[in-house]
Amino acid sequence: MTPAQAADRAEALLGWRGAATALDGGLLNHVFRIRGDGRTVVLKHAPPHIASAPDVPLDPARATFEARALAAAGGAPGPGLSSPRLLAHDGPVLIMEDIGELPDLATALAAGPVDLEALGRGLRGLHERADAPRLHNLGIQQTRLALQYRPVGTWLADAGIPDAAALGDRARVLGELLLAPGDVWVHGDLWPPSVRVAAECLVLIDWEFSTTGRRCQDLGHLAAHLWMQADRGRIDPDSGRALLQGYGRLEERDRSETAVHLGCEILARTVGAFVAGFLYDAVPDAARQHAVCVAAEAIRTGQLPTA
């Protein structure tokens with residue numbers, strides 16, 4: 001989608017004409033800020049592939065799931081958390097409130113303290129909302145199984161991990177389990193760019209992977225990224241512990257699944273499908289191998305890394 005096309009769609013859906021500017025940082029979608037008539041909104045277009053990787057297909061219905069999630073969140077998905085308000089939705093296009101230029105979680109943590117315990121408490125509130133929507137975002141889960149879980153055994157074997165096949169089986173089993181609806185409402189793509197830090201709250205954006213799933217899909221995902229940011233010396237090594245402490249008690253099943261998902265996400269970002277342009281894109285082999293070993297241990301033991 002071009003800026004001119006984005007402006008046309010916004011006019012059709014909102015009834016006023018504005019100028020569209022493409023926003024940087026969007027990997028999955030085309031995102032534009034529309035300014036006009038004394039107001040500003042954000043338009044997101046979900047193509048039938050990853051916007052930054054057109055050869056990788058991705059279900060365009062993710063826009064519908066994001067619209068449903070934003071509508072259900074109502075601007076307040078959990079205690080101390082905020083989200084943009086949905087303004088319009090039509091097929092692969094949705095328009096939402098513009099939250100402005102807020103730093104993402106990694107940028108904010110690198111600059112100073114952020115209350116990660118409060119984020120953990122907010123996530124538990126999200127997961128346990130009595131009025132949570134029932135979403136079965138199967139297309140996204142199938143893509144993740146293919147790109148993130150099934151290749152784990154091969155990635156680990158290539159890295160020289162002796163029990164790669166057994167660890168790959170554990171990863172695949174979790175990916176297949178996540179194809180079925182779970183028991184909590186999850187954001188589904190909770191990494192630092194999806195968490196924006198405002199003075200009064202934390203804002204969750206990019207809800208297109210939202211589903212009725214399992215706690216590990218949020219906790220393991222964000223914990224993996226906090227570990228990687230700390231491993232590369234960007235943030236405090238205690239950040240992941242603070243998040244989980246704020247979240248509170250986990251059943252053994254959830255703790256083990258969280259560790260396995262963490263391992264799979266670290267592998268995807270260090271030796272797997274999503275290395276380009278990320279923290280481990282150009283690092284010494286020893287640093288990458290260290291991350292691989294931490295990921296393997298998390299999958300092997302079902303225990304989260306201590307730092």
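I started with an open sheet of 5 strands, in the order β1-β2-β3-β8-β7, with antiparallel pairing. Two strands pair if DSSP finds at least two bridges between them. Strands are DSSP runs of E (at least two residues), helices runs of H or I (at least four), numbered from the N terminus. At the edges I found β1 (19-22) and β7 (86-90), each pairing on one side only. Neighbouring strands are turned by 25 degrees against each other on average, direction ignored.

This is a predicted model, where local features need pLDDT of at least 70, side-chain atom pairs count only at pLDDT 80 or more, and totals for chains, interfaces and linings use all residues. Residues are numbered from 1 along each chain as its sequence is written, and side-chain values use heavy atoms, without hydrogens and water.

Next I checked β7 and β8 (residues 93-97): they pair in the antiparallel sense over 4 bridges. D90 has V93 in β8 as its bridge partner.

Then I looked up T211 in strand β12 (residues 211-213). Is T211 buried or exposed? T211 is buried, because its relative accessible area is 3% (buried is under 20%, exposed over 50%, partly exposed in between; 1.4 Å probe, protein chains only). Leaving out residues up to four places away in sequence, T211 touches L135, H136, N137, Q141, V184, W185, V186 and Q217 (contact: heavy atoms within 4.5 Å).

Conventions:
Axes are lines fitted to C-alpha atoms, for helices over the stretch in contact, and angles run from 0 to 180 degrees between N-to-C directions.
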